[in-house]
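Open the model in your viewer and keep the selection panel handy. We will go from one stop to another, and at each one I will say what is there.

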Amino acid sequence: LTTVVAWRTVRFERKADVEFPRAWRFPLGFAAAATIWVAAAWGFGLRYAVIPPLMVFMYESMAASRKSLADTFRETAVLTAGALMGTAAVLLIPKAALAGVLAVAATLVVMRLFRAALPPALAVSLLPLVIPPALGGWFPLFAAGAAAAASLAGWGARRVRARALGEERSA
């Protein structure tokens with residue numbers, strides 16, 4: 001299903017000079033990365049490492065045309081900070097509504113400090129409100145690992161795409 005949705009998005013944004021098989025490369029690459037991520041997480045018993053907002057982030061990161069490795073590290077830090085803010089708010093504030101508001105506000109401050117507009121970080125900061133309390137303080141570690149994996153997958157996809165386009169243009 002993800003591949004079909006991604007293909008439809010790419011298909012309508014396709015440039016006239018891009019041949020049809022190239023339109024399949026991005027959605028299939030994303031589907032492969034997402035499948036590997038989910039299989040590894042379930043295989044190692046880390047099902048909370050499959051965080052939906054980070055899947056969205058990985059999709060956006062893989063589709064982006066230009067981002068540096070520094071951007072990749074900055075985005076990973078912001079996503080991890082969002083998880084930390086949400087976890088800290090839930091553990092320290094007994095009222096869920098107040099904890100959620102403060103988690104989002106703190107994540108907005110972090111996004112501003114890092115100069116990174118990253119909506120998935122806001123969603124990640126709210127997840128500690130709905131995950132099991134027993135997971136508690138471990139969630140930021142899962143989020144950090146998943147954010148790093150998603151960031152590096154996006155960075156790698158951009159590098160592969162840039163190399164392929166560079167080789168085609170020079171040929």
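Start by selecting Ser 151, which sits in helix H7 (residues 139–170); helices here are DSSP runs of H or I with at least four residues, strands are E runs of at least two, and both are numbered from the N terminus. Is Ser 151 buried or exposed? Its relative accessibility is 1%, so Ser 151 counts as buried (buried is under 20% relative accessible area, exposed over 50%, partly exposed in between, with a 1.4 Å probe and protein chains only). Now show its surroundings: leaving out residues up to four places away in sequence, Ser 151 touches Phe 57, Ser 61, Thr 72 and Thr 76, where contact means heavy atoms within 4.5 Å.

A word on what you are viewing: this is a predicted model, in which local features need pLDDT of at least 70 and side-chain atom pairs count only at pLDDT 80 or more, while totals for chains, interfaces and linings use all residues. Residues are numbered from 1 along each chain as its sequence is written, and side-chain values use heavy atoms, with hydrogens and water left out.

Next, select Trp 42 in helix H2 (residues 20–43). With a relative accessible area of 52%, Trp 42 is exposed. Beyond residues up to four places away in sequence, Trp 42 touches Arg 47 and Val 50.

Then select helices H4 (residues 69–92) and H5 (residues 96–114), whose axes are 8 Å apart and which pack at an angle of about 155 degrees. Axes are lines fitted to C-alpha atoms, for helices over the stretch in contact, and angles run from 0 to 180 degrees between N-to-C directions. The angle makes H4 roughly antiparallel to H5 (over 145 degrees). To see the contact, display residues of H4 including Ala 77, Ala 81 and Met 85, with residues of H5 including Ala 103, Val 110 and Phe 114. By class, the contact of H4 with H5 has twelve nonpolar, three polar and one charged residues; Ala, Val, Leu, Ile, Met, Phe, Trp, Tyr, Cys and Pro count as nonpolar, Asp, Glu, Lys and Arg as charged, and the others, Gly among them, as polar.

Now zoom out and colour by pLDDT, the predictor's confidence in each residue from 0 to 100. The protein chain averages 78, and 77% of the residues score at least 70. Where is confidence lowest? Helix H1 (residues 2–12) has the lowest mean, 50, and H5 the highest, 93.

Finally, switch to a cartoon: the protein chain has seven helices and zero strands.

Key: Angles under 35 degrees count as roughly parallel, over 145 as roughly antiparallel, 65 to 115 as roughly perpendicular and the rest as oblique.
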